[in-house]
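Open the model in your viewer and keep the selection panel handy.

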Amino acid sequence: MLLVVENLVLSRGGRTVIDGLSFRLKDGEALLLTGANGAGKTTLLRALAGFLQPASGEIRVENEDSDFELGERCHYVGHLEGIKPHLTVSENLLFWAAYLGCETLLSLGDRAAIALSQFGLAPLADIPAGYLSAGQKRRLALARLAAVHRPLWLLDEPAVSLDAASVGLLIDAVKAHRADGGLTIVATHMPLAFENAKEVRLGPKEKLA
Amino acid sequence: MSAFFALLVRDLRLAVRQGGALGTALGFYLIVVAMLPLGLGADLNLLSRIAPGVLWIALLLSALLSLGRVFESDYEDGSLDVLATGPLPLELVAVAKALAHWISTSVPLALLAPVLGILLNLELLAYPALVATMLIGTPAISFIGAIGAALTLKARRGGLLIALLVLPLYVPTLVFGIASIRAMLGPDDVVAPLLILTAISLGAIILGPLAAASALRAQMQ
């Protein structure tokens with residue numbers, strides 16, 4: 001698919017945060033959103049996920065046969081992990097896999113087990129998620145990406161509280177996703193070693209680097 | 001449809017695991033009803049006359065206690081954002097969550113009511129009517145309550161605000177719930193108030209999630 005953003009204007013609380021942003025992202029490409037605090041990185045991701053209506057401009061998908069809402073084709077991993085402390089690690093992931101749903105040959109349980117082991121959580125599968133450390137919770141949130149196939153990944157500071165090895169797991173997951181033809185948009189302050197990723201620096205003057 | 005059931009089952013499972021919400025609601029119901037005879041004195045005729053009304057009003061208040069959590073915990077931990085990217089429209093998310101609230105809170109309260117009726121010397125004939133009207137009427141409590149829960153999502157300490165928003169909307173359910181019980185005990189026709197009670201619940205099941213979903217969309221901006 002081809003994601004096209006044209007002259008996008010987003011405002012929060014009456015203040016224009018993003019003014020006239022345009023970019024295109026096609027199969028297998030990754031986009032890094034950088035910029036100072038309050039530059040509008042999260043706002044842009046939330047608009048792409050469909051939570052926020054643009055003040056003007058357009059977000060659209062081209063080269064797609066089916067007429068889906070963009071929000072239903074994306075994974076949104078925000079600052080909050082969406083994890084229930086009273087459910088076990090595998091119950092949390094199984095729920096999201098069942099809820100977000102997708103057609104594959106693998107059963108739900110298999111997909112969840114593979115995703116857990118991919119992010120190094122298999123030994124923790126049966127403990128309540130409330131006992132996880134911040135970094136482990138983040139990995140559990142990222143495991144959603146692997147458990148359910150969706151073409152667009154929207155990641156908001158995904159590397160926060162991850163150790164070096166886990167950042168490596170994240171980069172591998174994004175690499176596999178891109179090789180599979182998926183799109184990735186990452187808001188980050190840390191340098192993440194994605195190969196030939198585009199970068200948009202948000203701030204007073206946006207331009208495509 | 002599998003997404004709907006996955007959400008319903010998760011919410012029920014959370015209600016069982018957390019336990020606190022149901023325990024608080026049942027305990028509150030018990031205490032409010034148990035204190036009433038202490039306050040009014042042991043006049044059995046008086047208690048028996050006011051019992052249906054007291055049981056209904058105390059049930060509304062007890063159900064309100066846990067309404068605030070219907071959307072709040074999902075909002076606080078970020079689950080609501082992920083729910084919004086799922087295949088279900090937010091309207092059906094609201095249906096699943098209100099239904100989970102009904103099953104996990106309103107139904108147990110309705111089933112506790114006859115036990116509490118003994119404390120108030122409720123007439124023997126009234127027990128089936130009491131449980132029946134409560135089971136028919138309580139969906140309105142959960143589904144109208146979901147509107148209040150969605151509207152007060154970002155309000156810190158929104159519990160009292162929910163009560164102010166939602167209690168006036170419970171008046172029709174209360175009026176016709178009690179009218180049905182009285183009709184079963186007296187000479188009046190019982191079908192009419194019971195049908196109206198059913199209609200209120202059915203209307204709430206349709207309109208509640210629509211209103212709750214648009215409130216959620218506005219709050220997520």
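At what angle do helix 2 and helix 3 of chain B pack? Select residues 20-40 and 44-67 of chain B: the angle is about 150 degrees, and the axes are 9 Å apart. Axes here are lines fitted to C-alpha atoms, for helices over the stretch in contact, with angles from 0 to 180 degrees between N-to-C directions. The two helices are therefore roughly antiparallel (an angle over 145 degrees).

A word on conventions: this is a predicted model, where local features need pLDDT of at least 70, side-chain atom pairs count only at pLDDT 80 or more, and totals for chains, interfaces and linings use all residues. Residues are numbered from 1 along each chain as its sequence is written, while chains are lettered from A and ligands numbered from 1 in the order in which they are written.

Now show side chains between these helices. Phe28(B), Tyr29(B) and Leu36(B) are among the helix 2 residues in contact (C-beta atoms, placed from the backbone, within 7 Å) with helix 3, whose partners include Leu55(B) and Leu59(B).

Next, select residues 134-147 and 164-179 of chain A, helices 4 and 5, which pack at about 10 degrees with axes 11 Å apart. They are therefore roughly parallel (under 35 degrees). Helix 4 contributes Arg139(A) and Leu142(A), among others, and helix 5 contributes Ser166(A), Leu170(A) and Ala173(A).

Finally, pick Leu93(A). Leaving aside neighbours within four places in sequence, Leu93(A) is in contact with residues including Ala112(A), Leu116(A), Leu140(A) and Ala143(A).

How values were computed:
Helix = DSSP H or I, 4+ residues; strand = E, 2+ residues; numbered from the N terminus. Parallel < 35°, antiparallel > 145°, perpendicular 65-115°, else oblique.
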